[in-house]
Amino acid sequence: MALLPSTSCLLTLLLLTGTGGTVPSPQAPPQGCYVAEEAGERTFRCSQAGLSSMPSGIPNDTRKLYLDANKLALVPAGAFQHLPVLEELDLSHNVLEYLSGAAFQGLEGTLHLLDLSANQLASVPVEAFVGLQIQVNLSANPWHCDCALQEVLRQVRLAPGTGTGIVCGPGARPDLVGQEFLLLAGEEELCGIGRGGAQRSTDMALLVTMGGWLMLVVAYLVHYMWQNRDETRHPPKRAPVVAVRSEESSTFSTVV
Ligand SMILES: *[C@@H]1O[C@H](CO)[C@@H](O)[C@H](O)[C@H]1NC(C)=O
Ligand SMILES: *[C@@H]1O[C@H](CO)[C@@H](O)[C@H](O)[C@H]1NC(C)=O
C-alpha cells in the first residue's frame, strides 16, 4: 500500500522527462530553416520562411547566412554578434526600413559579402559599416540619396554591376527622385555646406557670435564718444575722482 504514492511519483517523473524531449527547445531553428554544409562551409538557410524577426538556433560556426525573402523590418544592434565566423549575409527581399548603427557589430574581421537589396531602406547609418571590409548590394531600395548614403559608399565596395540599381526613391529631394545615385553623387557633394543640418547649425552659431561681438564694439564706440563729449564740456570733472582713488589705494597698501 505504501508503494503506491512512490510509483505515481515515478510515473509523473517519467511523463515529465518524456514531454521534455518533445517540447521544442528555444535554440532549435524555426520551421523553414535548416543547417547545411555547402562546399565545406557551415550554412544556415532561412529563405522564404515567413520570418518577421531574427531566427534562433543559428549555429555559432555559421559562415553563410541566408535570411532573404522574409518579412524582416529591422536589424537590431548586435544581431549577429554571436556568429564570430560569419562571412556572407543575405538580407535581400525583406521589408527592412531600419538598420541599427551597430547592426553588424562583431563581424569586423570576417564579414565580406552583404546583400541588402530589394528592401525598404531610405537611409542607413554610416556607423553600421565602419570597420567592415565588405562588398554590398544596395540595389532596389527607395533611397533618400542623402549625405549618409554618400558616406556609406565611401566605406564599402559595391558588388559588381549593382551601382545602377541604387536609385533615389520618392522621399528624396524632388529633383533627385528616379535618378541613379552614383551619377549625381559624382557631381554633387551631399555632405557639404548648407546641406548637412550640423553644418548649418555651426554656421548659424558663428553668425550669432560674430553679430554679438560687432554689437559690443559698436556699443563701446558709442559709449566712448559720449564720454569724450562730456569730458570736453566739463574738463575738471575727472581729476577729483582720480585723487580719491589713489588715496584709497595708498591707505589700503599701508594697512597691508
Ligand atoms: C561555439 O560555441 C562553443 C560552445 O560554447 C565553443 O566551444 C566554440 O568554440 C564556438 N565556436 C566558435 C566558432 O566560436
Ligand atoms: C543585387 O540585387 C539585385 C536585386 O535584388 C539582384 O537582382 C542582383 O542580382 C544582385 N547582384 C549581385 C551581384 O548580388
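## Around ligand 2

Let's start at ligand 2: one of its oxygen atoms sits 2.7 Å from a polar side-chain atom of Ser117. Another residue to look at is Asn137, where a side-chain N or O atom is 2.3 Å from an oxygen atom of ligand 2. For both, a polar contact is a pair of N or O atoms within 3.5 Å; within protein, one must be able to donate a hydrogen and the other to accept it, and residues adjacent in sequence count only if both atoms are side-chain atoms. Taken alone, ligand 2 exposes 370 Å², and the protein buries 49% of that. Such areas come from the Shrake-Rupley method with a 1.4 Å probe, and for residues only the protein chains shown count as cover.

Ligand 2 is surrounded by His93, Ser117, Asn137, Ala159, Pro160 and Thr162, where being near takes a heavy atom within 4 Å. By class, that shell has two nonpolar, four polar and no charged residues. Here Ala, Val, Leu, Ile, Met, Phe, Trp, Tyr, Cys and Pro count as nonpolar, Asp, Glu, Lys and Arg as charged, and the others, Gly among them, as polar.

## What you're looking at

This is a predicted model, in which local features need pLDDT of at least 70 and side-chain atom pairs count only at pLDDT 80 or more, while totals for chains, interfaces and linings use all residues. Residues are numbered from 1 along each chain as its sequence is written, chains are lettered from A and ligands numbered from 1 in the order in which they are written, and side-chain values use heavy atoms, with hydrogens and water left out.

## The sheet

Seven strands form an open sheet with mixed pairing, in the order E1-E2-E3-E5-E7-E8-E9. Strand E1 (34-38) and strand E9 (157-158) stand at the edges with a single partner strand each, so one side of each has no neighbour in the sheet. Strands (E, at least two residues) and helices (H or I, at least four) are DSSP runs numbered from the N terminus, and two strands pair if DSSP finds at least two bridges between them.

E1 pairs with strand E2 (residues 41-45) in the antiparallel sense, over five bridges. Tyr34 stands opposite Arg45 in E2.

## Salt bridges

The structure holds seven salt bridges, each a side-chain nitrogen of Lys or Arg within 4 Å of a carboxyl oxygen of Asp or Glu. In one of them, Arg45 meets Glu38, with the closest N and O atoms 2.7 Å apart. Arg45 is partly exposed at 22% relative accessible area, and Glu38 is partly exposed at 24%; buried means under 20%, exposed over 50%, and partly exposed in between (1.4 Å probe, protein chains only).

Arg42 pairs with Asp61, their closest N and O atoms being 3.2 Å apart. Arg42 lies in strand E2 and Asp61 in the loop between E2 and strand E3 (64-66), so this pair ties together parts 19 residues apart in sequence. Glu188 and Arg173 also form a salt bridge (3.0 Å, N to O). Glu188 is in the loop between helix H3 (181-187) and helix H4 (197-233), and Arg173 in the loop between E9 and H3, 15 residues apart.

## Two positive phi angles

Gln48 is not a glycine, yet its phi is positive, at about 50°. Gln48 sits in the loop between E2 and E3 and is exposed, at 69% relative accessibility. His93, also not a glycine, has a positive phi of about 55°, and its place is the loop between strand E5 (88-90) and strand E6 (98-99).
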